[in-house]
Amino acid sequence: MSDFRSGFVALAGRPNVGKSTLLNVFVGQKLSIVTPRPQTTRNRLIGLLQLPEAQIAFVDTPGLHLGQRRALNRAMNRTAAAALGDADLVLLVLEALKWTDEDDLALSRIRDAGRTVIAVVNKVDRVHPRERLLPYLAQLAKRHEFREIVPVSALKRRNLDDLRRVIIAALPLGQAMFPLDQLTDRSLSFRIAETIREKLTLELVEELPYGIAVEIEQIEAQEDGRQVVSALIWVDREGHKPIVIGADGSRLKRIGRAARLELNHLIGGRFHLTLWVKVREDWADDARALQQLGLE
Ligand code: GDP
Ligand code: MG
(Lines give C-alpha, C1' and ligand atoms only; values in the text may rest on other atoms or scores of the structure.)
(Ligands and ions follow the chains in the order given, each with its own letter.)
Protein backbone atom coordinates (compact mmCIF):
# COMPACT_ATOMS: atom_id res chain seq x y z
CA MET A 1 0.00 0.00 0.00
CA SER A 2 1.17 3.48 -0.79
CA ASP A 3 1.91 5.82 2.10
CA PHE A 4 1.02 8.95 0.13
CA ARG A 5 -1.10 11.42 2.09
CA SER A 6 -3.49 14.07 0.89
CA GLY A 7 -6.15 16.35 2.31
CA PHE A 8 -7.69 19.75 2.76
CA VAL A 9 -6.04 21.96 5.36
CA ALA A 10 -8.12 25.00 6.31
CA LEU A 11 -6.31 28.13 7.41
CA ALA A 12 -8.63 29.60 10.00
CA GLY A 13 -8.50 32.39 12.53
CA ARG A 14 -9.41 36.01 13.03
CA PRO A 15 -8.51 38.62 10.40
CA ASN A 16 -4.91 39.78 9.99
CA VAL A 17 -3.03 36.98 11.75
CA GLY A 18 -1.18 35.91 8.58
CA LYS A 19 -3.31 33.13 7.05
CA SER A 20 -2.86 34.29 3.46
CA THR A 21 0.85 34.94 3.95
CA LEU A 22 1.24 31.40 5.25
CA LEU A 23 -0.56 29.92 2.25
CA ASN A 24 1.58 31.91 -0.19
CA VAL A 25 4.81 30.88 1.52
CA PHE A 26 3.87 27.20 1.60
CA VAL A 27 2.74 27.11 -2.00
CA GLY A 28 5.74 29.16 -3.13
CA GLN A 29 3.73 31.66 -5.12
CA LYS A 30 1.62 34.64 -4.22
CA LEU A 31 -1.90 33.33 -4.76
CA SER A 32 -3.76 35.12 -2.01
CA ILE A 33 -3.57 38.86 -1.58
CA VAL A 34 -2.05 40.32 1.58
CA THR A 35 -2.37 43.79 3.07
CA PRO A 36 -1.94 45.26 6.57
CA ARG A 37 -5.72 45.68 6.72
CA PRO A 38 -8.04 43.19 8.37
CA GLN A 39 -10.69 41.52 6.17
CA THR A 40 -8.56 41.56 3.04
CA THR A 41 -9.44 37.97 2.12
CA ARG A 42 -13.08 37.63 1.11
CA ASN A 43 -13.22 34.33 -0.77
CA ARG A 44 -12.19 30.79 -0.19
CA LEU A 45 -9.12 29.94 -2.22
CA ILE A 46 -7.17 26.71 -2.57
CA GLY A 47 -3.40 26.65 -2.96
CA LEU A 48 -1.75 23.29 -3.59
CA LEU A 49 1.55 22.17 -2.14
CA GLN A 50 2.74 19.24 -4.25
CA LEU A 51 5.33 16.99 -2.60
CA PRO A 52 6.68 13.52 -3.40
CA GLU A 53 5.02 12.17 -0.24
CA ALA A 54 1.87 14.29 -0.04
CA GLN A 55 -0.53 16.69 -1.69
CA ILE A 56 -1.68 19.42 0.67
CA ALA A 57 -4.66 21.52 -0.39
CA PHE A 58 -4.38 24.66 1.74
CA VAL A 59 -7.70 26.43 1.97
CA ASP A 60 -7.42 30.15 2.69
CA THR A 61 -10.50 31.63 4.29
CA PRO A 62 -11.77 35.07 5.29
CA GLY A 63 -11.00 35.83 8.93
CA LEU A 64 -13.73 34.97 11.40
CA HIS A 65 -14.81 38.25 12.91
CA LEU A 66 -17.36 39.87 15.16
CA GLY A 67 -19.78 42.56 14.00
CA GLN A 68 -22.09 41.12 11.38
CA ARG A 69 -23.77 44.28 10.29
CA ARG A 70 -23.42 43.96 6.55
CA ALA A 71 -24.35 41.10 4.28
CA LEU A 72 -20.74 41.01 3.09
CA ASN A 73 -19.47 40.34 6.61
CA ARG A 74 -22.03 37.64 7.21
CA ALA A 75 -21.13 36.03 3.89
CA MET A 76 -17.43 36.12 4.76
CA ASN A 77 -18.01 34.40 8.10
CA ARG A 78 -20.21 31.80 6.41
CA THR A 79 -17.53 31.13 3.81
CA ALA A 80 -14.94 30.64 6.55
CA ALA A 81 -17.18 28.36 8.61
CA ALA A 82 -18.09 26.22 5.60
CA ALA A 83 -14.40 25.63 4.81
CA LEU A 84 -13.94 24.25 8.32
CA GLY A 85 -16.57 21.60 7.79
CA ASP A 86 -14.90 20.43 4.57
CA ALA A 87 -11.40 20.25 6.01
CA ASP A 88 -9.39 17.18 7.00
CA LEU A 89 -7.34 19.34 9.29
CA VAL A 90 -7.69 22.88 10.61
CA LEU A 91 -4.86 25.28 11.36
CA LEU A 92 -5.93 27.87 13.92
CA VAL A 93 -3.60 30.73 13.06
CA LEU A 94 -2.84 33.12 15.93
CA GLU A 95 -0.65 36.12 16.54
CA ALA A 96 2.08 35.49 19.11
CA LEU A 97 1.27 36.87 22.59
CA LYS A 98 -2.25 37.89 21.59
CA TRP A 99 -5.62 36.42 22.42
CA THR A 100 -8.72 38.44 21.51
CA ASP A 101 -12.48 37.93 21.49
CA GLU A 102 -12.21 37.12 17.79
CA ASP A 103 -9.63 34.40 18.49
CA ASP A 104 -12.17 33.04 20.94
CA LEU A 105 -14.87 33.15 18.27
CA ALA A 106 -12.58 31.39 15.79
CA LEU A 107 -11.75 28.61 18.26
CA SER A 108 -15.40 28.07 19.09
CA ARG A 109 -16.34 27.81 15.38
CA ILE A 110 -13.52 25.34 14.88
CA ARG A 111 -14.73 23.31 17.87
CA ASP A 112 -18.21 23.21 16.31
CA ALA A 113 -16.70 21.73 13.15
CA GLY A 114 -15.17 18.92 15.22
CA ARG A 115 -11.93 18.68 13.26
CA THR A 116 -8.38 17.99 14.35
CA VAL A 117 -6.69 21.31 15.05
CA ILE A 118 -3.09 22.47 14.99
CA ALA A 119 -2.47 25.84 16.61
CA VAL A 120 -0.04 27.93 14.58
CA VAL A 121 1.41 30.81 16.58
CA ASN A 122 2.55 33.22 13.89
CA LYS A 123 4.63 36.42 13.92
CA VAL A 124 7.13 35.12 16.47
CA ASP A 125 9.72 37.34 14.76
CA ARG A 126 8.17 40.12 16.85
CA VAL A 127 8.77 38.40 20.17
CA HIS A 128 11.92 39.41 22.02
CA PRO A 129 13.27 37.63 23.92
CA ARG A 130 11.89 34.29 22.74
CA GLU A 131 11.19 33.12 26.30
CA ARG A 132 8.29 35.54 26.50
CA LEU A 133 6.44 33.06 24.35
CA LEU A 134 6.51 30.25 26.91
CA PRO A 135 3.69 31.36 29.23
CA TYR A 136 1.57 32.17 26.16
CA LEU A 137 2.07 28.67 24.76
CA ALA A 138 1.24 27.14 28.16
CA GLN A 139 -1.99 29.15 28.33
CA LEU A 140 -2.89 28.16 24.82
CA ALA A 141 -2.48 24.47 25.57
CA LYS A 142 -5.24 24.83 28.18
CA ARG A 143 -7.76 26.29 25.75
CA HIS A 144 -8.19 23.23 23.56
CA GLU A 145 -6.72 19.83 22.91
CA PHE A 146 -4.61 20.87 19.98
CA ARG A 147 -2.85 18.11 18.12
CA GLU A 148 0.24 20.32 18.09
CA ILE A 149 1.16 23.89 18.88
CA VAL A 150 3.74 25.27 16.45
CA PRO A 151 5.31 28.74 16.71
CA VAL A 152 6.33 30.15 13.30
CA SER A 153 7.03 33.28 11.36
CA ALA A 154 5.42 33.16 7.94
CA LEU A 155 7.08 36.42 6.97
CA LYS A 156 10.60 35.36 7.98
CA ARG A 157 9.96 31.74 7.03
CA ARG A 158 10.83 30.40 10.46
CA ASN A 159 9.98 26.89 11.59
CA LEU A 160 7.88 26.17 8.52
CA ASP A 161 9.58 22.82 7.85
CA ASP A 162 8.44 21.64 11.25
CA LEU A 163 4.94 22.85 10.61
CA ARG A 164 4.86 21.10 7.25
CA ARG A 165 5.96 17.87 8.86
CA VAL A 166 3.23 17.90 11.50
CA ILE A 167 0.62 18.81 8.90
CA ILE A 168 1.56 15.86 6.69
CA ALA A 169 1.57 13.49 9.65
CA ALA A 170 -1.99 14.57 10.49
CA LEU A 171 -3.38 14.02 6.98
CA PRO A 172 -5.19 10.86 5.93
CA LEU A 173 -3.53 8.29 3.68
CA GLY A 174 -4.89 8.59 0.18
CA GLN A 175 -4.28 9.45 -3.44
CA ALA A 176 -3.88 12.97 -4.79
CA MET A 177 -7.16 14.82 -5.20
CA PHE A 178 -5.91 17.31 -7.78
CA PRO A 179 -3.64 16.97 -10.82
CA LEU A 180 0.01 17.02 -9.74
CA ASP A 181 0.81 20.18 -11.70
CA GLN A 182 -2.15 22.21 -10.43
CA LEU A 183 -1.47 25.24 -8.25
CA THR A 184 -4.86 26.69 -7.38
CA ASP A 185 -8.58 26.28 -7.95
CA ARG A 186 -8.94 29.91 -8.96
CA SER A 187 -9.18 31.31 -12.48
CA LEU A 188 -6.96 33.86 -14.16
CA SER A 189 -9.75 36.42 -13.97
CA PHE A 190 -10.09 35.94 -10.20
CA ARG A 191 -6.35 36.47 -9.74
CA ILE A 192 -6.40 39.62 -11.85
CA ALA A 193 -9.34 41.05 -9.89
CA GLU A 194 -7.67 40.25 -6.58
CA THR A 195 -4.36 41.79 -7.62
CA ILE A 196 -6.17 45.00 -8.53
CA ARG A 197 -8.04 44.93 -5.22
CA GLU A 198 -4.78 44.47 -3.33
CA LYS A 199 -3.20 47.51 -4.99
CA LEU A 200 -6.35 49.54 -4.34
CA THR A 201 -6.33 48.56 -0.68
CA LEU A 202 -2.64 49.37 -0.28
CA GLU A 203 -3.10 52.73 -1.99
CA LEU A 204 -6.18 53.65 0.04
CA VAL A 205 -5.18 52.26 3.43
CA GLU A 206 -6.33 55.30 5.39
CA GLU A 207 -9.18 56.63 3.30
CA LEU A 208 -11.46 53.94 2.08
CA PRO A 209 -13.48 51.60 4.21
CA TYR A 210 -14.22 48.10 3.03
CA GLY A 211 -16.79 49.08 0.43
CA ILE A 212 -14.67 48.34 -2.58
CA ALA A 213 -14.80 45.44 -5.03
CA VAL A 214 -13.37 44.56 -8.41
CA GLU A 215 -15.12 42.85 -11.27
CA ILE A 216 -13.43 41.75 -14.48
CA GLU A 217 -15.58 42.75 -17.43
CA GLN A 218 -13.48 41.29 -20.17
CA ILE A 219 -10.19 39.55 -20.84
CA GLU A 220 -9.00 39.25 -24.40
CA ALA A 221 -5.83 37.40 -25.35
CA GLN A 222 -4.21 39.16 -28.32
CA GLU A 223 -2.27 37.41 -31.04
CA ASP A 224 0.95 39.04 -29.86
CA GLY A 225 0.47 37.44 -26.42
CA ARG A 226 -0.88 40.48 -24.62
CA GLN A 227 -3.86 40.09 -22.32
CA VAL A 228 -6.17 43.05 -22.63
CA VAL A 229 -8.27 43.40 -19.50
CA SER A 230 -11.13 45.70 -18.67
CA ALA A 231 -12.02 45.87 -14.97
CA LEU A 232 -14.69 47.64 -12.94
CA ILE A 233 -13.93 49.00 -9.51
CA TRP A 234 -17.09 49.24 -7.49
CA VAL A 235 -17.38 51.78 -4.71
CA ASP A 236 -20.42 52.07 -2.50
CA ARG A 237 -20.74 55.84 -2.36
CA GLU A 238 -20.55 58.63 -4.93
CA GLY A 239 -18.09 60.46 -2.70
CA HIS A 240 -15.58 57.62 -2.95
CA LYS A 241 -15.23 57.86 -6.69
CA PRO A 242 -12.91 60.89 -6.76
CA ILE A 243 -10.86 59.38 -3.93
CA VAL A 244 -10.12 56.29 -5.99
CA ILE A 245 -9.48 58.23 -9.19
CA GLY A 246 -7.25 60.89 -7.62
CA ALA A 247 -6.28 64.25 -9.10
CA ASP A 248 -6.29 63.93 -12.89
CA GLY A 249 -6.65 60.20 -12.55
CA SER A 250 -3.20 59.95 -11.01
CA ARG A 251 -4.16 57.51 -8.32
CA LEU A 252 -6.05 55.16 -10.59
CA LYS A 253 -3.04 55.21 -12.88
CA ARG A 254 -0.71 54.23 -10.02
CA ILE A 255 -3.03 51.41 -9.01
CA GLY A 256 -3.25 50.12 -12.57
CA ARG A 257 0.49 50.29 -13.00
CA ALA A 258 1.24 48.42 -9.76
CA ALA A 259 -1.29 45.72 -10.64
CA ARG A 260 0.06 45.37 -14.17
CA LEU A 261 3.68 45.01 -13.01
CA GLU A 262 2.74 42.37 -10.48
CA LEU A 263 0.64 40.40 -12.94
CA ASN A 264 3.43 40.48 -15.53
CA HIS A 265 5.80 39.17 -12.90
CA LEU A 266 3.50 36.58 -11.29
CA ILE A 267 1.62 35.17 -14.22
CA GLY A 268 3.84 36.10 -17.11
CA GLY A 269 2.79 37.51 -20.42
CA ARG A 270 2.00 41.18 -20.77
CA PHE A 271 -1.12 42.63 -19.26
CA HIS A 272 -2.87 45.72 -20.45
CA LEU A 273 -5.37 46.98 -17.87
CA THR A 274 -8.15 49.49 -18.23
CA LEU A 275 -9.85 50.39 -14.95
CA TRP A 276 -13.28 51.97 -14.58
CA VAL A 277 -14.77 53.23 -11.34
CA LYS A 278 -18.48 52.68 -10.82
CA VAL A 279 -20.79 53.58 -7.96
CA ARG A 280 -23.23 51.08 -6.63
CA GLU A 281 -24.77 52.25 -3.42
CA ASP A 282 -24.43 49.85 -0.53
CA TRP A 283 -23.33 46.91 -2.64
CA ALA A 284 -21.83 45.30 0.47
CA ASP A 285 -25.31 44.91 1.84
CA ASP A 286 -26.97 43.83 -1.38
CA ALA A 287 -27.39 40.08 -1.84
CA ARG A 288 -27.59 40.31 -5.62
CA ALA A 289 -24.43 42.36 -5.87
CA LEU A 290 -22.59 39.89 -3.66
CA GLN A 291 -23.62 37.07 -5.92
CA GLN A 292 -22.53 38.93 -9.03
CA LEU A 293 -19.12 39.49 -7.44
CA GLY A 294 -18.76 35.84 -6.47
CA LEU A 295 -18.89 36.65 -2.76
CA GLU A 296 -21.94 34.58 -1.92
P1 GDP B 1 -4.78 37.26 7.09
O2 GDP B 1 -5.79 38.34 7.19
O3 GDP B 1 -4.83 36.35 8.27
O4 GDP B 1 -4.82 36.52 5.79
O5 GDP B 1 -3.34 37.98 7.20
P6 GDP B 1 -2.36 38.43 6.02
O7 GDP B 1 -1.62 37.26 5.48
O8 GDP B 1 -3.11 39.29 5.04
O9 GDP B 1 -1.31 39.31 6.83
C10 GDP B 1 -1.73 40.42 7.59
C11 GDP B 1 -0.51 41.29 7.91
O12 GDP B 1 0.40 40.57 8.77
C13 GDP B 1 0.32 41.63 6.67
O14 GDP B 1 0.76 42.97 6.82
C15 GDP B 1 1.46 40.65 6.72
O16 GDP B 1 2.63 41.12 6.07
C17 GDP B 1 1.70 40.52 8.22
N18 GDP B 1 2.34 39.22 8.58
C19 GDP B 1 2.00 37.98 8.17
N20 GDP B 1 2.83 37.04 8.70
C21 GDP B 1 3.72 37.71 9.48
C22 GDP B 1 4.83 37.30 10.30
O23 GDP B 1 5.21 36.14 10.42
N24 GDP B 1 5.49 38.30 10.97
C25 GDP B 1 5.14 39.61 10.87
N26 GDP B 1 5.85 40.50 11.56
N27 GDP B 1 4.10 40.04 10.10
C28 GDP B 1 3.39 39.10 9.41
MG1 MG C 1 -6.14 36.69 4.28
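Predicted model: local features only at pLDDT ≥ 70, side-chain atom pairs only at ≥ 80, totals over all residues.
Student: OK, and how much space lies in the second largest pocket?

Tutor: About 270 Å³. It has 16 lining residues, and the closest to its centre are Phe190, Ala193, Val214, Glu215 and Leu293.

Student: Which elements give two or more residues to that lining?

Tutor: Those are α6 (188-203) and β7 (212-221).

Student: And what does the lining of the second largest pocket look like by class?

Tutor: Seven residues are nonpolar, four are polar and five are charged.

Student: Now the largest pocket. What's its volume?

Tutor: About 620 Å³. It's lined by 30 residues, with Gly18, Thr21, Val34, Thr35 and Lys123 closest to the centre.

Student: Where does the largest share of that lining come from?

Tutor: From α1, which supplies five residues. By class, the lining of the largest pocket has 14 polar, nine nonpolar and seven charged residues.

Student: Where do Ser20 and Thr41 lie?

Tutor: Ser20 is in helix α1 (residues 19-27), while Thr41 is in the loop between α1 and β2 (45-50), so the pair ties together parts 21 residues apart in sequence.

Student: Is Ser20 buried or exposed? And what about Thr41?

Tutor: Ser20 is buried, since its relative accessible area is 8% and the cut-off for buried is under 20%. Thr41 is buried too, at 12%.

Definitions and conventions. Residues numbered from 1 in each chain as written. Chains lettered and ligands numbered in written order. Heavy atoms only, no water. Helix = DSSP H or I, 4+ residues; strand = E, 2+ residues; numbered from the N terminus. Buried < 20%, exposed > 50% of the residue type's maximum accessible area, 1.4 Å probe, protein only. 1 Å grid on protein atoms, 1.4 Å probe; cavity = no way out; pocket = protein on both sides within 12 Å on 5 of 7 lines; lining within 4 Å. Points joined across faces, edges and corners; volume = space filled by probe spheres on them. Nonpolar A, V, L, I, M, F, W, Y, C, P; charged D, E, K, R; others polar.
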